[in-house]
Amino acid sequence: MLKLFTKDFWDVTARLILRNKIAILIVIALATFFLSQKWENMRFTYTEANLLPDDHEVNMIYNEFLNTFGEEGNLIVLGVKDTTVLTVEKFNAWNRLSDSFKVYPEVETVISIKDLQKLIKDSDNEKFILQPFIKDSISSQEELKALENDLFNKYPFYDNFLFKADSKTIRTAIYLKKDIVNTSVRKDFIVKSLIPSIEDFQTKHNLDVRISGMPYIRTLNSQIIVDEIGWFVAAALLVTSLIFFFFFRSFRATFISLIVVCIGVMWTLGIIGMLNYEITVLTALIPPLIIVIGIPNCIFLINKYQHEVKLHGNKVKSLQRVITKIGNATLMTNVTTASGFATFILTESKLLKEFGIVASLSILAIFILCLLIIPIIYTFLPFPKDRHLEHLNRRWIGGFVNWMEHMVKFKRITIYTTAVALLIVSMIGINQIKISGSLIEDMPTNTEFFRDIRFFEKEFNGIMPLEIMIDTKRKKGVMKLSTLKRMSELEDVILDIPELSKPISVVGLVKYSKQAYYNGNTKFYQLPTAQENNFILAYAKNSSSRVDLLNNLVDSTEQYARITTFMKDVGTDKMERIQEDLQNKINKVFPKERYNVTMTGKALVFQKGTKYLVKNLTISLSLAIFLISLFMAYMFRSGRMIIISLIPNLLPLLVTAGLMGYLGVPIKPSTILVFSIAFGISVDDTIHFLAKYRQELQTHNWKIKTSVYRALRETGISMFYTSIVLFFGFSVFTISSFGGTVALGALVSATLLFAMLSNLLLLPSLLLSLERSIANKEVLKEPSIKIIPEEEEDEDLFE
């Protein structure tokens, strides 16, 4: 009954498509216009990818920190390492540049060397007063030398904050307003105001100014993502169309395919806009992905049309058979591909959910477009000429098919030996794979802002914020001497970790207060004793500046304190060791009944997100395999066929994973996608081959060998064509500036190439070797769905 329904369905579908050509084209045009109106809703992400679900413990801790102290990623730093900057003219110019940013409404505060204050003891009024190091500007080199001596030798509180004493590197801190950090206002300020001002300053004073900080990095990084979408789409169109033309040698067929995939890209962008999703580093890959996946659909449909035309010369019958015989097969293959992407929807990561939804909907959309547009356009075109059909007789393709057939007939032991050897070698490589949770590892290394990241890592030990929040569980608990001593002990551990910068906290301010109390003597830069603390606290309470100094270090109730440090770009393993060292110290120093101490920050959230992602995508891949196995079971109704079909598709995944281990490519958000994507696409070849194989079995009275060789010859060419298109199509991603995207493109391309060879050599070899187990109708039952209908007479659809 189902098989009859399937046949009738595709007959009806073919009739509807070919009899309602104009109406369908109008509907497609209207749908394209409607979706193009949704492009205006597309927006580009202004934050890093958050891979964790909102209710994850790590996210909740991070959000608690933000609620207490506000956005921590609002700092932009400017730095100069040049001895000439410590001359009167250039030093004053640097301070003027810093002051110029204070007038911008997007800026909360700017701190440069000119803004630094001496903490002076006022014995008469028993309070501390603030006195600027520079009243207006530096007037002589002697005055500048005196300032250098003060800053670099007498005030350790400021060392490694705005200057580094040993290398004479100076910097300026620009804090953006926290409410604009994750909006387009940030981008406008950086691109239209900050960068032009810096460039003008560099030109005038011949100084190399380095810029960094998370707002700056995010802005330039996201801009590159936006720019690369156009490059990817153009490159994918160029590469796939050239390969398509090389195979078909037909401008007409190539042009039709380009029309279809271009409309598919327009629909994809419309889907993103309609769903109000952001353009992220993942969703930016979908438009070129649709081109790469859409072209093989075109190949199958056009190849079938030309094959039918050559066979019997009836154009109407050929177009009907394109829909009825290839429509169901391409539907199944597109459904399995979409299923591979749709499994991402089941993860708890918002980023992956959006990617999965858009990708799966777009894949189904490109299938519908191919099935509708290609047959309809060919009804308006003249009968194909002989030169359009020449590729069907190309000798080198015949030679390739003959080679495959020879290998399957006479070299099965070689094929199995090679497969087992690859499996063993791959398993060894898999054990060498590492997990990477670096925020900047995938950023384009050839850009100026990436070199600036490395500069600040070298000079100031990094720019990735790591925050430690101390909850004393009582108001004014932070300023208790016992709390300060515990914080100081933890800071000593941070100072001993070379990957972390000098910590910033209220502890330094209290030490500075003691130094000021003893008239600036540097040997008193330390925490006060219990007796001293009473005197110093009395001075501090009388100081009007006290609130300003504590503002970003302690909350208004003085129950919460923060220790801020910055981390170098380190691997996941090293980051986990650092976290473990800090946690051990925290557990030892801060009793849980009195303190609640948590670690957070963008770097830590991203690292935890990567590990969470690996776990979830392992589940996602397993689900994809299970789901596609169900498709196989439903279509072929044979458990043994499921196992036989999975082997040639799982082996390429293991080989690719092994390659990652040997080549040092870590598991990270970009590369973990490889497996689900590649599996969903590579299984398409298996479906095409087994569908044709099942049909040949019926035609040739269940003769396994004859059926395998005929299926290999029939489907081998199309599988080769599509695999080559997919290989070079995914290779387009290697032109990206992002290391993760490059790895994704190269690994998917390699996996699909392995999958093609596996499906053309290993799959038929398994069928032949196991023919006794599967050569009867009881094992390989009548399929639930006729993927490729039997040949029969076709009615004239235009009568």
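Biologist: Phe 157: buried, exposed or partly exposed?
Modeller: Phe 157 is partly exposed, at a relative accessible area of 21%. Keep in mind that this is a predicted model.

Biologist: How many aromatic pairs does a search of the whole structure find?
Modeller: The search finds 15 aromatic pairs. In one of them, Phe 157 and Tyr 512 have ring centres 5.0 Å apart.

Biologist: Stacked or edge-to-face, and why?
Modeller: Stacked, because the planes of Phe 157 and Tyr 512 are at 20°, and planes under 30 degrees apart count as stacked.

Biologist: Where in the chain do the two residues lie?
Modeller: In distant parts, 355 residues apart. Phe 157 is in the loop between helix H5 (141-154) and strand E6 (163-164). Tyr 512 belongs to helix H16 (residues 506-517).

Biologist: And is Tyr 512 buried or exposed?
Modeller: Tyr 512 is buried, with a relative accessibility of 2%.

Biologist: What about the pair of Phe 245 and Phe 251?
Modeller: Their ring centres are 4.5 Å apart, and the planes are at 35°, so this pair is tilted. Phe 245 is partly exposed, at 26% relative accessibility. Phe 251 is exposed, at 64%.

Biologist: Switching to charges. Which ring does the charged end of Lys 121 sit over?
Modeller: The ring of Tyr 517, with the charged end 4.1 Å from the ring centre. Lys 409 has its charged end over the ring of Tyr 709, 5.0 Å from the centre.

Biologist: Now helices. How do H10 and H22 pack?
Modeller: Helix H10 (residues 315-342) meets helix H22 (residues 673-699) at an angle of about 160°. The axes are 7 Å apart. That angle makes H10 roughly antiparallel to H22.

Biologist: Is the crossing left-handed or right-handed?
Modeller: The crossing of H10 and H22 is right-handed.

Biologist: Which residues make the contact?
Modeller: On H10, they include Ala 329, Met 332, Gly 340 and Phe 341. On H22, they include Ser 676, Gly 680, Asp 684 and His 688.

Biologist: What is the angle between H4 and H6?
Modeller: Helix H4 (residues 88-100) and helix H6 (residues 184-205) pack at about 170°. Their axes are 12 Å apart. H4 is therefore roughly antiparallel to H6.

Biologist: Which residues meet there?
Modeller: H4 brings Glu 89, Lys 90, Ala 93, Trp 94 and Leu 97. H6 brings Ser 197, Ile 198, Phe 201 and His 205.

Definitions and conventions: Residues are numbered from 1 along each chain as its sequence is written. This is a predicted model: local features need pLDDT of at least 70, side-chain atom pairs count only at pLDDT 80 or more; totals for chains, interfaces and linings use all residues. Side-chain values use heavy atoms; hydrogens and water are left out. Rings of Phe, Tyr and Trp (its six-membered ring) pair if their centres lie within 6.5 Å; planes under 30 degrees apart count as stacked, over 60 as edge-to-face and the rest as tilted. Helices (H or I, at least four residues) and strands (E, at least two) are DSSP runs, numbered from the N terminus. Buried means under 20% relative accessible area, exposed over 50%, partly exposed in between (1.4 Å probe, protein chains only). A charge sits over a ring if NZ of Lys or CZ of Arg is within 6 Å of the ring centre and within 35 degrees of the ring normal. Axes are lines fitted to C-alpha atoms, for helices over the stretch in contact, and angles run from 0 to 180 degrees between N-to-C directions. Angles under 35 degrees count as roughly parallel, over 145 as roughly antiparallel, 65 to 115 as roughly perpendicular and the rest as oblique. A crossing is left-handed if the near helix is turned anticlockwise from the far one by less than a right angle, and right-handed if clockwise. Contact means heavy atoms within 4.5 Å.
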